[in-house]
Amino acid sequence: MMYHGVGPEKPGWAWNHLLVRADVFDGQMRRLKEEGWTTIFLGDLYAHLARNEPLPPKPVVLTFDDGYLDNWVFAAPILAKYGHRAVVYMTSDFVDPAGSPRPTLDDAWAGRVREEDLPVEGFLSFAEMRRLEESGVMEVQGHAKTHTWYPCGPRIVDYHRPAGVDGYAPKPWLGWNRHPERKFAYMTERLEETVPWGTPVFEHRKSLAGKRWFPDGSLEKRLVSFVEGEGGARFFERPDWRERLDAIARKREAGGRLETEEEFDDRILFELTESKRILEAGIGKHIDFLCWPGGGRSPRTLELAGEAGYLATTTHFHDRTRRNLYGQKPSETNRTGCGTPWQWRGVRVARTDPGFFTAILDEFNGVPGAVWRMRSYKIAFLLRHFLLGRD
């Protein structure tokens, strides 16, 4: 089962929709225990898939992508409260260099800090990852090195500009790619704000999903210089700003080149092996499992993951043909979403009933009638929320 973050929303963060409220997560973990589910690690699952080793009743692997600080602050104490354990898929570029572990819900429960003062923005440090491993509550596995997006062709799909102009939401990865050494702090430092106005946003895709396009940079310099000369951010107040930038782009076609097959293999293999090396050195354990960032992968990257030494990687979670049963390929594991938040007609619902959560697990496992349980919980929530005004 796939999670990302647990806790309060982060001010101005582009991906708040990935967060599960702490009280909702607590209810989900309580329901798991009440219904007799047993949380296991990835090594347990792999041993079953590869060698048919037995598993405890109703086994489930809880996974948290990206390695957010809130996994340590909020998720781990709640997991421990109910005797559960989980997996953090950590991206090595985002490891926080913080020295001492930061306070958690345990400190709030003990009265050492107010819960509202707990840190919520950022990523895990090695000190925190080592503590999680030592506690047995969370194990750390790999989520590659960059977790970013790269240009994949010469077509310009947008221009970087102030947030809100014509509905524009700045792409955080534009800042990551310019300042990779500060990626761990991007939530507070807003690295995308260091990207010059007018920077072209080329067609792009996830870094591990395909070949990378290398623009020659001359068009970007021309566009950025033009915007600076026209008043910088004020230029985008003009109704014809896009037409003027498009005209420059048409006159000065973007040069560049696409990665060769050999360059692609070398880049992917370096990303997979280097992230593995960094995590292993920082935590002091083997990294055997990989989650593809954003599901970005290809048949060739699957081969390269094996060469890099990973026992298994994730499939895309929409692949409902895989139930993680003995007899299926052990080098691929499938996941399902945790069901919170979920969307209804464009409305993001942050709280769902714990029964809905375990119904998702039952439906994923092919239990008859589980899908109707899910629907009944959705209907009940919508009635409470929209007719009675209750969460």
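This is a predicted model: local features need pLDDT of at least 70, side-chain atom pairs count only at pLDDT 80 or more; totals for chains, interfaces and linings use all residues.
Local features need pLDDT of at least 70, and side-chain atom pairs count only at pLDDT 80 or more, while totals for chains, interfaces and linings use all residues. Residues are numbered from 1 along each chain as its sequence is written, and side-chain values use heavy atoms, with hydrogens and water left out.

Start with the helices. Helices (H or I, at least four residues) and strands (E, at least two) are DSSP runs, numbered from the N terminus. Two packed helices are described by the angle between their axes and the distance between the axes. Helix 1 (residues 22–34) packs against helix 12 (residues 354–364) at about 60°, with the axes 8 Å apart. That angle makes helix 1 oblique to helix 12. The axes are lines fitted to C-alpha atoms, for helices over the stretch in contact, and angles run from 0 to 180 degrees between N-to-C directions. Under 35 degrees is roughly parallel, over 145 roughly antiparallel, 65 to 115 roughly perpendicular, and the rest oblique. Helix 1 contributes Gly27, Gln28, Met29, Arg30, Arg31 and Leu32 to the contact (heavy atoms within 4.5 Å). Helix 12 contributes Pro354, Gly355, Phe357, Thr358 and Leu361.

Next comes strand 7 (residues 86–90). Strand 6 (residues 63–66) runs parallel to strand 7 and is joined to it by four bridges (strands pair if DSSP finds at least two). Aspartate 66 has methionine 90 of strand 7 as its bridge partner.

Now find tryptophan 213, in strand 11 (residues 213–215). Tryptophan 213 is buried, at 12% relative accessible area. Beyond its neighbours within four places in sequence, tryptophan 213 touches Pro151, Cys152, Gly153, Pro154, Gly255, Gly256, Arg257 and Leu258.

Last, two loop residues. Arginine 190 sits in the loop between helix 7 (186–189) and strand 10 (200–206). Its phi is near 50°, a positive value in a residue other than glycine. Asparagine 324 lies between strand 14 (312–314) and strand 15 (332–333), in the loop. Asparagine 324 has a positive phi of about 60° although it is not a glycine. Asparagine 324 counts as buried, at 13% relative accessibility.

How values were computed: Buried means under 20% relative accessible area, exposed over 50%, partly exposed in between (1.4 Å probe, protein chains only).
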